[in-house]
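Let's take a friendly walk through a protein model together. Have a look at the picture below, and then we will go through it step by step.

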Amino acid sequence: GLLARGIVGTLAYLCFPVLISFLQIVTKNMDNDALVSLVNTFLPGVAIVLGTYFSLTLSILYNRFSQIQQTVTSEASLLALCC
């Protein structure tokens, strides 16, 4: 649930500088065609993972909002019956 997403988000945030410094070392002496090939291989996978993470987060937030709406509606109808 929420704990797992928090751990994944935190690890991704903390690992990003390490990944960038590693890629700077690896790509320092690389020619342009090899660098383009690396980016074209790496970027779609990262985009899919981040897109899935974002979609899952929005889905969970929408479900929570729907549950809040249902709870407020039922409580308002119960208050209307009491008064």
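Of the 83 residues in the chain, 1% are buried, where buried means under 20% relative accessible area, exposed over 50% and partly exposed in between, with a 1.4 Å probe and protein chains only. Keep in mind that this is a predicted model, in which local features need pLDDT of at least 70, side-chain atom pairs count only at pLDDT 80 or more, and totals for chains, interfaces and linings use all residues. Residues are numbered from 1 along each chain as its sequence is written, and side-chain values use heavy atoms, leaving out hydrogens and water.

Now for the overall form. The chain has two helices and zero strands; these are DSSP runs numbered from the N terminus, with at least four residues (H or I) for a helix and at least two (E) for a strand. Its C-alpha trace spans about 75 × 20 × 15 Å along the principal axes.

Next, the open space. The largest pocket holds about 360 Å³, a volume being the space filled by probe spheres set on grid points joined across faces, edges and corners. A pocket is an open set of points on a 1 Å grid over the protein atoms alone, where a 1.4 Å probe fits, with protein on both sides within 12 Å along at least five of seven lines; lining residues have an atom within 4 Å of a point.

Which residues lie nearest the centre of the largest pocket? They are Ala12, Phe16, Leu19, Val46 and Leu50, out of 13 lining residues. Helix H1 (2–26) and helix H2 (32–82) each give two or more residues to this lining, and H1 gives the most, with eight.
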